[in-house]
Amino acid sequence: MENKKRHEKKEKKVASDLESLIKSENNKSIDTYNSLNWSGSFWDYIALLESNPKVARNSYQRLYDMVMSHGTEEFKYCKRQYVKYNFFQGLGDISIYGLEENLMEFMDILKSASRHYGPERRVILLHGPVGSSKSTIVTALKKGLEQYTQTEDGALYSFSWKVTDKNGDDVLVPCPMNEEPLKLLPDDVRSQIINNLNKTISADEYKLKLDGSLNPVNEFYYNQLMEMHGGDYRKVLDHVVVRRVVLSEKNRVGIGTFQPKDEKSQDATELTGDINYRKLAEYGSESDPRAFDFDGEFLVSNRGLIEFQEILKLQTEFLYDLLGATQEHRVKPRRFNQVPIDEVILGHTNNAEFEKLTNNKFMEALRDRTIKIDIPYLLKISEEKKIYDHFYNKSTVNKHIAPHTTFLAALFAVVSRLEESSKQDMSIIQKAKLYNGQSVHGFTDEHVKEMQEESPKEGLYGGVSARFIQNQFSNAIVNPRMGAKSLNPFMLFAQIREGLKSYSGFQSEDNKKIMFERLELVEKEYDRIVKREVQQALSSSEEAIKALCTNYIDNIVAYIQDEKVTNLVTGKEETANEQLMRSIEEKIGISNGMKDDFRREIMNYMGGLAAKGKEFKYDSNEQLYKALEKKLFEDTKDSIKLSALAQDTATVVDKELLEKIDALKQRLITSFGYDADSASDVLTYVGSIFARGDADEDED
Ligand SMILES: Nc1ncnc2c1ncn2[C@@H]1O[C@H](COP(=O)(O)OP(=O)(O)OP(=O)(O)O)[C@@H](O)[C@H]1O
Ligand SMILES: [Mg+2]
């Protein structure tokens, strides 16, 4: 009885929680609805402007503010200072990785445009190889604008005319281009108001500026009402209902896209609007703006952004509209005067098309009005890897993705794009690692800079795109022959090899050959990685490696300072154990002549850490860590015949060995991120390397 009551009470509580959740969400959505659908008189709008003058900013200023509203971070790479714009890092499902320098360039241009320094009268052209994220960047900007205009900070406004139709009913006629309400004021009044508003905006920010007349529809109603009110424009303004505008590509408000199609199916009305024949019947004249649809792509994109896909494939008839829109901020619909527009014009093109532009006299006018921003392929493995991690991870793929798979995909992608360095002894893999900020013996940040200067076009030409790799990923994931449960690097390599065979983007046969060679280098790199990993798994008893490290350190300290060490077992004082120290140092190729230097270096390193209040650990020094691991591995490997791993475990009869293999597999699963399948694969593979007997080949 008691129980039942308690249960009922609980149910009631859940129901009332849900109810209040729905209520509060509903209230929120009503609030949002109300604020997004705000409307008021012209005078309400003026009051609103006084409290927030930025409401009247132009499209460049708004886009710039939108990106900045997500915040920025600064960081250093190769001694240079960079800004990272959080906006590009994660907008829902869209993220742009790397490209910091290029996005900085883009933002500088927007900033300069927002201050009226000139770029606002140019086409901003994203230029790069196929699949370098040009479209993704534009999509992000569009989405960002849509969201921003739904916030208080990003709000913008336009208006409708309250007029009487021919039946005598009051109707609202919205401005078809969502023009700024201040444009309704006579020029001199408008500029005084703008001047006053500018006084309230801080000096290091942009200034508001509002030129251009009303569009033909607005002009029509304005003139009609002026006549009605005998030239009293304040009375005309009483017919104006100001309303909030939310930009939306789907609703064709403030965001548009133009895509070149073949000549026959496209004409200029797509950009500048067309006569509406149904309305023409009603209004009787082709020059009556009410009989015209101001819905060309340039017109609907007013206040926001227009994207020109493959801009250089544009037919010449469209070129003049584009040039006018860019240089004069005006377009000319048929039969009407020029209509002012305010929108960011963003084009993109791949480099093959761009080469054509540079050779085409006819396009010279466009070239001259273009600001080109390179969007190259990424050359940093860690950034490229993020692309694949973003698309292929636990939540998107129902297969286990084995460790290193996305890393190797990224490594191949980067390596395919690099130019050979003129530096002696610099392998292409080493170059990729250096670009990735990893240390490579014998090279420094200075070398990175030199190599970058040596190959200024690196990333813009040649190599495979992220899209190519994505295709191989998705093929490998769905391919039933590639294993049912997990996707590992071997499968991806096989798929990339297939992909390369049928890839048509190579510049030459030679180039194709190089791609296959580089794929092999990446596969070799994988050999090294897994060998090391299995070694680690075998010797990854932390206790053992800690003990070995302490032992080694005690010995080198004693050696350098010419003291005795206490033998942990016997408690006796002994001289430093030269044999032990050497057996470790040899593992990383420290010769007898170099040993003193190495021991001192380790001591200095410890001293350096201690001075910073940090503790020296077995993995503090990369080189020593490697040596310790190898030593431990040597000591333990004989207890487990690695070559036996290459056999099918079902045929291994030695029970003790089976247990050891199993323990190793478990360690790979728990500490290294494998699943059972991929752990088996990797053990078999490493076993086969050891069986071949080339286990001692060294890295870097
Ligand atoms: N730097 C990057 N950050 C995030 N994703 C990227 C990056 N580079 C490429 N991609 C991915 O590559 C794919 C192709 O990108 P997108 O379609 O934007 O390229 P594009 O430059 O417009 O290519 P095209 O010239 O062929 O039109 C997308 O899935 C995108 O996510
Ligand atoms: Mg594209």
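**Ground rules.** The model is predicted, so I took local features only at pLDDT of at least 70 and side-chain atom pairs only at pLDDT 80 or more, while totals for chains, interfaces and linings use all residues. Residues are numbered from 1 along each chain as its sequence is written, chains are lettered from A and ligands numbered from 1 in the order in which they are written, and side-chain values use heavy atoms, with hydrogens and water left out.

**Entry 1: ligand 1.** I began by asking which residues come nearest to ligand 1. Of the 17 residues around it, those are Y97, G131, K134, S135 and T136 (near: a heavy atom within 4 Å).

Next I looked up polar contacts (pairs of N or O atoms within 3.5 Å). For Y97, I found a polar backbone atom 2.9 Å from a nitrogen atom of ligand 1. G131 has a backbone N or O atom 2.7 Å from an oxygen atom of the ligand. In T136, an N or O atom of the side chain is 2.4 Å from a ligand oxygen atom.

How much of ligand 1 does the protein bury? Alone, the ligand exposes 640 Å², and the protein buries 86% of that (accessible areas by the Shrake-Rupley method, 1.4 Å probe).

I then noted that helix 6 (134-148), helix 16 (381-391) and helix 20 (466-478) each give two or more residues to the shell. Helices here are DSSP runs of H or I with at least four residues, and strands are E runs of at least two, numbered from the N terminus. By class, I have eight nonpolar, seven polar and two charged residues in the shell; Gly counts as polar and Tyr as nonpolar.

**Entry 2: the cavity.** I searched for cavities, meaning sets of points on a 1 Å grid over the protein atoms alone where a 1.4 Å probe fits but cannot get out. A lining residue has an atom within 4 Å of a point, and here the lining is V83, K84, Y85, F88, Q89, G98, E100 and L103. Which element gives the most to this lining? I found strand 3, with three residues.

Entry 3: Strand 5 (residues 156-164) and strand 6 (residues 170-174) run antiparallel, joined by five bridges (pairing needs at least two DSSP bridges). I looked up V163 and found V171 in strand 6 as its bridge partner. Five residues separate the two strands, and G168 in the turn has a positive phi of about 85°.

Technical notes
A polar contact is a pair of N or O atoms within 3.5 Å; within protein, one must be able to donate a hydrogen and the other to accept it, and residues adjacent in sequence count only if both atoms are side-chain atoms. On a 1 Å grid over the protein atoms alone, a cavity is a set of points where a 1.4 Å probe fits but cannot get out, and a pocket is an open set with protein on both sides within 12 Å along at least five of seven lines; lining residues have an atom within 4 Å of a point.
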